[in-house]
Amino acid sequence: MRKIAILGSTGSIGTQALDVIRQHPEQFSVVALAAGKNIDLLTEQAHEFQPQLVSVATKELAEKIQHQLPLNTKAVWGEEGALAAATHPDADFVISAIVGSAGLLPTLAAIEAGKAIGLANKETLVTAGHIVMRKAKEHDVSVIPIDSEHSAIFQCLQGEDKSAIRRLIITASGGSFRDLTREQLADVTVKEALAHPNWSMGAKVTIDSATMMNKGLEVIEAHWLFDLPYNKIDTILHKESIIHSMVEFTDRAVMAQLGTPDMRTPIQYAMAYPKRIPLETEPLDLMKVSQLHFTALDFKRYPCLAFAYEAGQKGGTLPTVLNGANEVAVARFLRGDIPFLAIEDTIAHAMAKHKVVENPGLEDIFEADRWARQIAEKYQPA
Ligand SMILES: NC(=O)C1=CN([C@@H]2O[C@H](COP(=O)(O)OP(=O)(O)OC[C@H]3O[C@@H](n4cnc5c(N)ncnc54)[C@H](OP(=O)(O)O)[C@@H]3O)[C@@H](O)[C@H]2O)C=CC1
Ligand SMILES: CC(=O)[C@@H](O)[C@H](O)COP(=O)(O)O
Ligand SMILES: [Mn+2]
């Protein structure tokens, strides 16, 4: 029995991870759940899965939820609460699915406590990949990707030697505005941006898909997960999201992982690894799909992708600034404070102003993140 803690249990990844557990009660049990403010859903989850601990955003929410919980479930709160869930002594596998760099400290704490990690939270690797991967190595902890592209690559690499990799090919759906020109992006609405063509996901990652920053974050995520230089990490537009990513080897063989767009497949693969177990999901019907399309990704059309390669290649605190500015710009767009195209302007502005700190420690990362957020919050588009 694998004992699981889920950080971000009320979100898109968290609820799908619980559905995997629901399908396999003999393989997985839940020991801790961490969420933010959705205490109604968290209460339901606690009654169904009987965790020992749940964590919520504030003391007030913890006091409110405590008397609605099963007798053996304790409510904790805040950053300390998320850390308690991440390091619960009975957990052996932690699903990191809090959105944004708020997931960094709980993920690091879980690694330091020796837990295997199922990593959905890509911002953790973008903002502090060198620290996360170094700690995982020091504590002999596996970080198994949940992000669909990285899970696909991880699956293609089973039994392969790293030296035989020529390049990774990360597929991108193109997001909600893939059929629009840049001129047409000027007055798109939040509702339109949130209508992803293939995946149902949380708001932040859906906007990242629309700006193509999601692919940029995934390029940096792949760099850290697979320890490859940026010139071996390519991206391609593939509008069907059927091929979840590919690996080209030195003998020119290309391995790909295909499937219907359902995150429960990569979530379950990480949870059950190295086993493969059955999953109730829609099978891939290639006759119905009929055609798969591929197009080059144009950096002029998608500047956020260029920013991410630049930040990744320059390194230091620049990826932290890219990520922090992006998180704030996306939040501002979602609350109607700035137009869609100002997301990329905000990130470009913060990156241009930043004085990069080389080989940053955790304090430098926090300082760069705070700085970028402040700059991005104040930025006024022309
Ligand atoms: N959704 C998807 O299909 C995919 C997502 N990912 C990545 O996975 C991560 C999660 O995405 P997704 O599930 O879509 O996001 P959601 O917005 O759906 O869920 C976010 C979760 O994080 C919780 N949360 C937010 N802030 C905090 C905090 N400070 N402390 C504790 N919990 C917090 C939320 O709680 P509450 O709602 O209770 O406030 C919620 O449970 C992201 O990094 C995303 O990029 C990667 C690949 C695919
Ligand atoms: C499901 C998943 O892994 C998302 O990160 C996905 O990649 C979003 O799709 P695009 O960014 O390709 O639009
Ligand atoms: Mn992805």
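Residues are numbered from 1 along each chain as its sequence is written, and side-chain values use heavy atoms, without hydrogens or water. Because the model is predicted, local features need pLDDT of at least 70, and side-chain atom pairs count only at pLDDT 80 or more.

Ligand 2 is surrounded by 15 residues (a heavy atom within 4 Å), the closest being Asp147, Ser148, Glu149, Ser173 and Asn214. Helix 10 provides the largest share of this shell, three residues; helix 7 (148-156) is another element that supplies at least two. Helices here are DSSP runs of H or I with at least four residues, numbered from the N terminus.

Polar side-chain atoms approach oxygen atoms of the ligand. The separation from ligand 2 is 2.4 Å for glutamate 149, 2.8 Å for aspartate 147 and 2.8 Å for histidine 196. Of the 350 Å² of accessible area that ligand 2 has on its own, the protein covers 97% (Shrake-Rupley method, 1.4 Å probe).

Histidine 196 lies in the loop between helix 8 (190-193) and helix 9 (203-211). Its relative accessibility is 12%, so histidine 196 counts as buried (under 20% relative accessible area, 1.4 Å probe, protein chains only). Asparagine 214, in helix 10 (residues 213-226), is also buried, at 6%. Beyond neighbours within four places in sequence, asparagine 214 is in contact (heavy atoms within 4.5 Å) with Lys122, Val205, Asp208 and Ser209.

Notes
Chains are lettered from A and ligands numbered from 1 in the order in which they are written. Buried means under 20% relative accessible area, exposed over 50%, partly exposed in between (1.4 Å probe, protein chains only). A polar contact is a pair of N or O atoms within 3.5 Å; within protein, one must be able to donate a hydrogen and the other to accept it, and residues adjacent in sequence count only if both atoms are side-chain atoms.
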